[in-house]
Protein chains: 2
Amino acid sequence: MLKAVQNLGCSSGFLSQLWKKAHHNTACGLSSIAISTNPLSNSASTRTRRRYPTTTKLDSFISPVFSTRGTRSERPSRVCETRSESNPDATTSPSSSLAGNVSKINFCQWCGGPTKHDIPDGEEKMRAICTVCDKIAYQNPKMVVGCLIEHDKKILLCKRNIEPSSGLWTLPAGYMEIGESAADGAIRETWEEAGADVEVESPFAQLDIPLIGQTYVIFLAKMKKPHFSPGPESSECRLFDLDDIPFDSLAFSSIFVSLNLYIDDIRSGKLKFHYGTINKRPGSSPSDMHAFSLDNHLQC
Amino acid sequence: MLKAVQNLGCSSGFLSQLWKKAHHNTACGLSSIAISTNPLSNSASTRTRRRYPTTTKLDSFISPVFSTRGTRSERPSRVCETRSESNPDATTSPSSSLAGNVSKINFCQWCGGPTKHDIPDGEEKMRAICTVCDKIAYQNPKMVVGCLIEHDKKILLCKRNIEPSSGLWTLPAGYMEIGESAADGAIRETWEEAGADVEVESPFAQLDIPLIGQTYVIFLAKMKKPHFSPGPESSECRLFDLDDIPFDSLAFSSIFVSLNLYIDDIRSGKLKFHYGTINKRPGSSPSDMHAFSLDNHLQC
């Protein structure tokens, strides 16, 4: 179930042959790519790191990641302001509080007392604190888990039948539930959205989206039987050749990034695990693929 | 900040020389280890999969992971019941709702109306639904992010100065905040708990703990300068030789698993990325290292 997902936005810092092919007019420049051997690994390790720089287009509102902190008294400066989703039913969906807008928490869930919005003693962030029982309502990022399923050298995609991004294509993915693992959640979502019974083969990517308080965890998976059919949240499910993936009609930045990374890996001859941060332009629409950057991309 | 963390518990399905050395009386058997090439990768890929089976000790209450689902009408059966933490201040900490106990949500955070606990139309799980405005209060797992820092072939550990597991050793780690990436959160927590200014080198492990609704994300990191000092939540920080890590005095299962995997990797000559599920025995204490299993371990 992925009733509400992302604000996406301008892409840069992401380079692939496919990107250049499918988006030859929109690919943003890459000011540098640094490849270095992990100093923690020994000579037998093949772990490498490829960094995508924070892009100039987004520099004005996104703090640099992995910045230096000098003294203990300095306050962390890298937590950027979060924004609401452009999701029509955000207030009644699992994403209702994902933007971390503490002002939306008006009452205490435990005693019903009104809240005040203040920084608690010993903390550094604004929280909703109950004025009656003093309990604090913490908000944390949500995990979205999904599967990238290859079958006969094709990728299984679902056309969304719900907002946001209804009519656009996505990987089967949705919010991880308490009581399940990320892999189990990805399998469940694939069943619900694509009617496909899959087994997870490997972790593939973790993509954080700080602006909307989401982290995508994507697994490589395969179908146990070559069968799939759209669930209620999908109008269609289809296998796409790698050359025919509808990059102009994808629902979310995380899906765009995941598919590009996968194709890059396939073409380079080695599948890897990818970690990165998708920094989105505030206010951009979920289906705008020109308003985000992939920063601090690490792979191993 | 990691005010409240885990119920840990009996370990099995986890094999390392160190485990055998430090826990020669407690290491559980491994009924099988399957190593297979990822069918999705091409011949150049070195991706492998090593599975730790669900252990017999936990079979009675933990549903098998990656199970088969036959028809669409079948309900997912792999979401196990969640339990509360054994955390003295759980109700006022970030973990207050992490166990997913919907009965704890008595009032609507938006309008203050009383909630009812029911399965909404089109869903499958019990939720807290406002009886006044009909909004649903979704609960999702929380991410705990931290750093495994090697310096001069030693590992930086912190002795906890707060409950749970006060007086026991841990990696610097804490809850990821909305508005930051996982890597940024891990860097922040390392600064807050160990006074160390680090940079992330590589993702190392994702360990889901379904019973308590937590996912640990551990990064390999290095200190920019060889300086560290305990923050308010730590009574001591110290570098340990790999042979001297206090496995009998670790605070949490996730830390135990992470350190064992790291040492295994170092000794095998190749650092990898690890994904796995820590299935804990309900009711076990946070510092009980004999009441959990590492299941469905994947590495790449």
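Is Phe240(B) buried or exposed? Phe240(B) has a relative accessibility of 7%, so it counts as buried; the term buried means under 20% relative accessible area, exposed means over 50%, and partly exposed lies in between, with a 1.4 Å probe and protein chains only.

## Basis of the report

This is a predicted model, in which local features need pLDDT of at least 70 and side-chain atom pairs count only at pLDDT 80 or more, while totals for chains, interfaces and linings use all residues. Residues are numbered from 1 along each chain as its sequence is written, chains are lettered from A and ligands numbered from 1 in the order in which they are written, and side-chain values use heavy atoms, with hydrogens and water left out.

## Aromatic pairs

A pair of aromatic rings is described by the distance of the centres and the angle of the planes. Rings of Phe, Tyr and Trp (its six-membered ring) pair if their centres lie within 6.5 Å; planes under 30 degrees apart count as stacked, over 60 as edge-to-face and the rest as tilted. Over all chains, the count comes to eleven aromatic pairs.

One of them joins Trp169(A) and Phe240(A), which are edge-to-face at 4.9 Å centre to centre, with 80 degrees between the planes. Trp169(A) belongs to strand E8 (residues 169–170) of chain A and Phe240(A) to strand E12 (residues 234–241) of chain A, so the pair ties together parts 71 residues apart in sequence. Helices (H or I, at least four residues) and strands (E, at least two) are DSSP runs, numbered from the N terminus. Trp169(A) and Phe240(A) are both buried.

In chain B, the ring centres of Trp169(B) and Phe240(B) are 4.9 Å apart and their planes stand at 80 degrees, so this pair is edge-to-face. Trp169(B) counts as buried, at 5% relative accessibility. Elsewhere, ring pairs link Phe247(A), Phe256(A) and Phe292(A) into a cluster.

## Cysteines

A disulfide is a pair of cysteine sulfur atoms within 2.5 Å, and the count over all chains comes to zero disulfides. For Cys300(A), which is in no disulfide, the nearest cysteine sulfur is that of Cys300(B), 6.1 Å away. Cys300(A) counts as buried, at 15% relative accessibility.

Cys158(B) has its closest cysteine sulfur in Cys237(B), at 3.7 Å, which is too far for a bond. The relative accessibility of Cys158(B) is 1%, so this residue counts as buried.

## A glycine in a loop

Gly195(A) is found in the loop between helix H2 (182–194) and strand E10 (198–209) of chain A. With a relative accessible area of 3%, Gly195(A) is buried. The C-alpha atoms of Gly195(A) and Ser229(A) are separated by 4.9 Å, although these residues are 34 residues apart along the chain.
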